[in-house]
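Hello,

Here is the structure I promised to hand over. Please look through it first; my notes on what was found in it follow below.

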Amino acid sequence: MFLLNISLYRKYLFIIFLFSIFIYYNLLFQRKNSNIINQTSNSIRILYVIRTSSYFYQKRLIYLLQTWISLVNQDVFFVTDILLPNISQNHMILTKQICGPDAHSMNILCCKTAHDFIIFHRYISEYDWFCHFDDDQYVNVNNLKKYLSTLDFNQPYYIGRASWSNTIKRSKEPYPYSFWFATLGAGICLSKRTIYLLKPYTQSVSQFIDGCINENYHDDIYLGFLLNGYLNITLTKNNHFHSHLEKFFYHNKQIFLRTFTNEITFGFNIPDRYPYYLPQLDKSYLDPYRIRTLHCLLYITQIKECETKIRQHIFNSTI
């Protein structure tokens, strides 16, 4: 009986938390009198490239297409092995013929990342910021835009989360110095100025692959090496970018629930690298990583469907 009471107590605490978020964001919405469309359509222009494959379309990508990507879909492009359903061919660049079957090897990762720059250079006149994300990431596009709006895209920027706790050590020429690099798994953003400066080193897929092989670096390390060694652009660290490799990001529920609205990217993976303690708001849809719930909590006042689902969940949990 005592354990049952504790369980009920925790359940009601969580219901109170959801209700508090609901009240807070409604008040905030009334005060600002704004919506997601206004927030994401003005000022800076961001191009999003998603690295994915047909294998992960149903396993991961589908949940992103239904949530954050739907908010900025005209600005999202996909680097993938073959054509994917329900995505415009003009927003895909195919890699299987050039890179071969998908694998987590240095050559193939470098080959796929090299295709990012084909897209970046193609649309450089239309955008201010150029960001790479993987298909196991949720992106809070409002927070990303808010952060990038504080920076000048005409200056060289290389933004992301440091992959290691220390710099990567290097002693050989050229550039025999240690440097920081950002993990692509947490997402990175490059300013327009940086894309211009990178052009001599990213003009073709083979050029980027050869650079990776010559230095014996994976794609994200080689990109960090290019930026630091050849262009003197150091990493601007942002710890609000998160990858699925972070062991403890989701483990403390209280800290996560208190801080998740401040984050920019969320990596996810099974069995426990996702907010597994969030409820599944809509039982009629699969939500194995709770991405739909996270999306609704972040955009409760801007998306009417989310407001309705949270209201319904609170009501059902209290009867």
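**Disulfides**

With 110° about the S-S bond, the link between C131 and C189 is right-handed. C131 belongs to strand β4 (residues 129-134) and C189 to strand β7 (residues 188-191), so this pair ties together parts of the chain that are 58 residues apart in sequence. The sulfur atoms of C131 and C189 are 2.1 Å apart, and both cysteines are buried. Please keep in mind that this is a predicted model, and that the distances and angles in these notes are computed from it.

As a reminder for what follows, a disulfide is a covalent bond between the sulfur atoms of two cysteines. The count for this protein comes to 4 disulfides. When the bonded cysteines are counted along the chain, the pattern is 1-3, 2-6, 4-5, 7-8. Two further bonds are described here.

C110 and C212 form a disulfide with 2.3 Å between their sulfur atoms, and with -100° about the S-S bond their link is left-handed. Since C110 lies in helix α6 and C212 in helix α9, the bond ties together parts that are 102 residues apart in sequence. C110 has 0% relative accessibility and therefore counts as buried. C212, at 1% relative accessibility, also counts as buried.

C296 and C306 are joined as well, their sulfur atoms 2.2 Å apart. This link is left-handed, with -70° about the S-S bond. C296 is in helix α12 (residues 291-298) and C306 is in helix α13 (residues 304-318), so the parts tied together are 10 residues apart in sequence. Both C296 and C306 are buried.

**Helix α9**

Helix α9 covers residues 205-215, and its buried residues are V205, F208, I209, G211, C212 and E215. Seen down the axis of α9, these residues fall within an arc of 155°, so they line one face of the helix. What do the buried residues of α9 pack against? Their partners are α5 (96-99), α6 (106-122) and α10 (219-230). Just after α9, N216 takes a positive phi of about 60°.

**Aromatic rings and charges**

The count of aromatic pairs comes to 33. F256 lies in helix α11 (residues 253-259) and Y277 in the loop between β9 (265-267) and α12, so the pair ties together parts that are 21 residues apart in sequence. F256 is buried, with a relative accessible area of 2%. Y277 has 15% relative accessibility and counts as buried because the cut-off is under 20%.

Y274 and Y289 also form an edge-to-face pair, at 6.0 Å centre to centre and with 90° between the planes. Both tyrosines are in the loop between β9 and α12, 15 residues apart. The relative accessible area of Y274 is 13%, and this residue is buried. Y289, at 10% relative accessibility, counts as buried too.

Which rings have a charged side chain over them? The charged end of R60 sits over the ring of F56, 3.6 Å from its centre. K237 lies over the face of W180, at 3.3 Å from the ring centre.

**The protein as a whole**

The secondary structure comes to 13 helices and 9 strands. Of the 319 residues in the protein, 55% are buried. Among contacts with a separation of 6 or more, 71% are between residues 24 or more positions apart. The accessible surface comes to about 15,800 Å², and 54% of that surface belongs to carbon and sulfur atoms.

Regards

Terms used:
Residues are numbered from 1 along each chain as its sequence is written. This is a predicted model: local features need pLDDT of at least 70, side-chain atom pairs count only at pLDDT 80 or more; totals for chains, interfaces and linings use all residues. Side-chain values use heavy atoms; hydrogens and water are left out. Helices (H or I, at least four residues) and strands (E, at least two) are DSSP runs, numbered from the N terminus. Buried means under 20% relative accessible area, exposed over 50%, partly exposed in between (1.4 Å probe, protein chains only). Contact means heavy atoms within 4.5 Å. Accessible areas come from the Shrake-Rupley method with a 1.4 Å probe; for residues, only the protein chains shown count as cover. The arc is that of the directions from the helix axis to the C-beta atoms. A disulfide is a pair of cysteine sulfur atoms within 2.5 Å. Rings of Phe, Tyr and Trp (its six-membered ring) pair if their centres lie within 6.5 Å; planes under 30 degrees apart count as stacked, over 60 as edge-to-face and the rest as tilted. A charge sits over a ring if NZ of Lys or CZ of Arg is within 6 Å of the ring centre and within 35 degrees of the ring normal.
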